[in-house]
Structures are given as structure tokens and as C-alpha cells.
Amino acid sequence: MKKITYILFLSFSIVSFSQNITINKMIDSAYYFKNSNPEKAFFYLNKITLSNLSKEERIKFIKIKYSLLDFVGEYQKQLEFIENILINSSYSKNLRIDLLASTYYNLGEYQKQLAYYKEGLVLNKENINLKIKYLNNLGWAYKLLNNTNKALEHYNKGLKLLKEKKLDTLTKIYATLLGNSGLIYTKKGNFKEALKRFTISKKIRKNLNNKGYLAGSYLDIAELYAAQNQLNKAINFNKKALEIVLPINGREWILRSFKNLYVLKEKQHNYKDALFYKKEYDSLNTLLFNKKTLKKQSYLKAKIEYEHSLIALEKENKVIEKTAFIRLIIILSSVLFFCIFIIVIYILSKKNKKIDSINNQLFNRNKEKEILLKEIHHRVKNNLQLISSLLNIQSRYTDKEEVKSMFLDGKSRIKSMALVHQKLYENEQLDSVDFKDYLTQIVKNLLISYGSKTKVNFTIDSIENLDIDLSITLGLIFNEIITNSLKYNNELGSLKITISLKKEKEAYVFIISDDGIGFDINKVKKIKTLGLQLIAILVKQLEAEKTITSSKNSGVLYTIKIPV
């Protein structure tokens, strides 16, 4: 009897243990996919029954689902989920307050967010650490409601409480309170106090080795100097912030730095550098936000601007026609009172006016064609970027690295073609592209797309402006070669890439080389990859000659001669 009881107990324990493993595995899978494949994460969560979970597992489940709804932007569903799930009094009231306050922030209902943070402050009046946290949250909520006095009051209460209770001031919350209150002092114009608080906050964050928030401190100080019109100091602190966050890919702070720098450079009338930072900001911004919406907005904006320009041209034509009619009446009236000599002068002047009128018509038509051509390039670029976005979305529906790599290669090829149309839209010249600037942008896009671990240094020697067809073809060849170089040299500490395009007699000589691991040419020729086939097809299309020099550990050298 004892043996049977023991066997039954052991069987029950094994079943319970296996169920726990399955549930934990599904929760972990949902957490793993929450930022890369939301549909898959929801699939795992929907298989879990909440009543089968322990209290700790339920809280983990709630946080993951809340984060998922936040990621996909379903804020109303987020609110309904939190209100339904946290009715149970066994859950932490602080958890309920924090999640509901964050949801109302997403919904833009800042008064309701404020109300929940007030509830949190009352609930935690005996817990000093949580009380300070909610004082900071209330300061932030009041700032969103543009009540700077109330915001500053709560930040200062938090700082005072830290000092009164003699708590550790070398903490993240202390630095946050100083930084947030410094922003209010900047807004109020008390720059001295703001700088004092930013400096202390920066020192704490440096000691804590919190790189993102340290960059935030540098940006706060930069914007403080910008508000005082001390442009050089503002630029210096923005660049310091970039030095910190570029290596860790802190996109929030990188975006803020680029935006600040292009505004500051524009104020200094340094339009070349301003344009550079504007391009960097726009390029990164399209990776972070909904590309389809942005493209639709830019298309509508371009359409409105174009329609406005047509209306303006029509008004100008009417004024010209009216003026010409009045002049004609004056000339005809004068014919009746003047001699034949005046008639001869009139005839000559009439001929000149016809020539001027024809010239004006030609000029206006050319201007209209130029505007239309720019619009065409702009729309082609947008359509290509839309295709790139669709490939990006499609790539999320597969876990196979090989397939994802194919999507990534396709995106880089499309982006290299879209770049030509972007350059033509931005430049005054509509028939040629600055090839050096074009290649530089391709390399930068590839480095961002492939996230290479290798430190890449590249130099481009080219003074040529090439026509659109040749630019696109050479750009695609270049894209394939650099993609291969980044893929197969990803484990190196550093990689040097050298690019040159020069005109020699009746041919362009295009040279691309790297100092990477190289490859066995005979083996590579036997492997028919899409990239190598594409290079061969494009070279043949140009009626060009291609030579490849390489061996293991001695880099690769491509030389392509294109007849002019």
C-alpha cells in the first residue's frame, strides 16, 4: 500500500513539474519574441491559462502582454487589459498604478496619468524610496501639462526628502531628479541653476557608468547653451553625447543630437554641415518610425507644394498677360499721333516683344518640366523605400537566418537605387550624380543595416559626376561587393576599404579593394551566388572588363573598366 501511494505521489509530482516547465517555456518564448515577432509572442501567451500560474508567473505574464500591446500601439486594448486583469486585490497596487499611468500617457490623457501618480504618492507616503519615485513621476506629469511651477515643486520635494533622510545621493533617481528639475529651470530662464543641476547629475551618471543617461546630461547642457545662443559650446556638448551613444547604438539620444546639431549649424549659416546632420537625422528617423505613414505625409506635402507652385505660376501668367495688353493699347494709341519713324520703331519693338514672350514661355515650360522631373525622382525614391519597408515587414515572418539575409540583401539593393533618385531630387543638376557622395551614403547604409562588429575605415577617391543610368548600375555592383566584404570579414577587428573611380582616355576605371581575409577565386567561381551573378550581368550590360585579384588572408581587389 505504501509503495502504491509513493508511486502515485511521484507520478503527480512529475506531471506537475512537466506542466510548470511547459508554462515557463511559453512565457520565456513570448518574452523572447515580444520585440521581434509580436504575433508569435501573442500566440504563446494565448496558450497560457492565467489560473494555472503562480503569483510571480502572473506578474511576469502581465508585464509581457502589457509590453506587447505597447509595442504594437494598441493602447485602448492595453487599458482594457490592465483594468480587467488587475481588479484582483492580490496584485500589487503599485503595479496597477504604474501600468495605468503609463497607458494614459500613451493615450495622451495626462490628467488621468497625473491622478494615478497622486494615488501612488498617497499610497506610499511611508515608503521613502517609492515616495521619491512618485514625486519624480508627478513632476514629469505636471511638465506634460505645462504646469512648470508644480513640476519644479515636486522635483524639489524629492531632492529635499533624499537629503533629509540622508539617503545615498549617488543614485539614478537623484541624478534623474536633478536633470528633470534642470530642464524646468532652463525653461524658466534660470540658466545658472539649471547648469549647476545638470553638472551634478552628469557626474553621478558618469560614476554609475550609465552611458545613455550620461549622454542625456550632455544633451541637456547642450540645449541649455543653445537657449543662451552660445552655439559653439552647444555644438561641443552635442558631439560629446554622440561619442558616447554611437558605439552603443543609443538611437533616442543619437536622433536628439543630430536634430540639435543641424539646427545649430543652420544658425551659424554653415549650411553644408547642417545638411549633413539633417540627412543623418532623416536617415535614422525613417528606421525608427512608421515608414509608410511618413512617406504618405511627404507625398501629400510634396503634392500640396507642387499645386501651390502651379497656382503661383498661373497668377504670374495672368499679370504678364494683363501688362502686355495694357502696353499694346498704349502703343496702338501712339501710332495715331506719331510719324512713320515711330511706326517703324513700334514694329521693331513688337518683334522684340514676341521674341521675349517666346523666351518667357520657353523658360516657364523648362521650369515646369524641372519641377515635374524633381517630383518624379521624389516619387520613385518613395516607391522604392516603400518596397524596402514591405521587405522589412515580410522578413519578420520568418525565423530562418538565410531567408532574413536574402531580404536584407534585397533591401540594400533597393536602397542603393533609391539613393540616386534622392540625390537627383536634392541637387540642382537633374542629369548627373556626385558619385563620391553617392558611394559614401551606400557604405553608411550598409554598415547600419548589417550591424558589422568590425571597425570599418573607408576612403573614396572620385571627382566624377555620372549620369543616372551609369550611377545606378555601378551603385548596384558596388553594393554587392561591399556587402560581401562586410559579411565575410565580420569577425575581424578592423577592415580597410579603398574605392577609386577615375577617367583614363576612353574608359572609366572603377577599383574596389579591402584588406580582409580574401578568398580562393577558383572556388568562388564554382559557387553561383545571386550576388556574383548580378555583378557579372551588370558588368556585361556595361560592356565592361572585370578582373578580381585575391587569395586567402590577402584581401580582395576588383578592377572594372567601363568604356565611355
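Two strands pair if DSSP finds at least two bridges between them; strands (E, at least two residues) and helices (H or I, at least four) are DSSP runs, numbered from the N terminus. This is a predicted model, in which local features need pLDDT of at least 70, side-chain atom pairs count only at pLDDT 80 or more, and totals for chains, interfaces and linings use all residues. Residues are numbered from 1 along each chain as its sequence is written, and side-chain values use heavy atoms, without hydrogens and water.

**Strands**
- Strand E6 (residues 545-550) runs antiparallel to E7, joined by 6 bridges, and Lys546 stands opposite Ile560 in E7.
- E6 and E7 form a hairpin with 5 residues between them, where Asn553 in the turn has a positive phi of about 65°.
- Strand E5 (residues 507-514) pairs with E7 (residues 556-563) in the antiparallel sense over 8 bridges, with Tyr508 opposite Ile562 in E7.

**Salt bridges**
- A salt bridge is a side-chain nitrogen of Lys or Arg within 4 Å of a carboxyl oxygen of Asp or Glu, and the count comes to 14.
- Arg96 forms a salt bridge with Glu119, the closest N and O atoms being 4.0 Å apart.
- Arg96 lies in helix H5 (residues 93-106) and Glu119 in helix H6 (residues 110-123), so the pair ties together parts 23 residues apart in sequence.
- Arg96 is partly exposed at 31% relative accessibility, as is Glu119 at 37%; buried means under 20% relative accessible area, exposed over 50%, and partly exposed in between (1.4 Å probe, protein chains only).
- Lys160, which is exposed at 53%, forms a salt bridge with Glu164.
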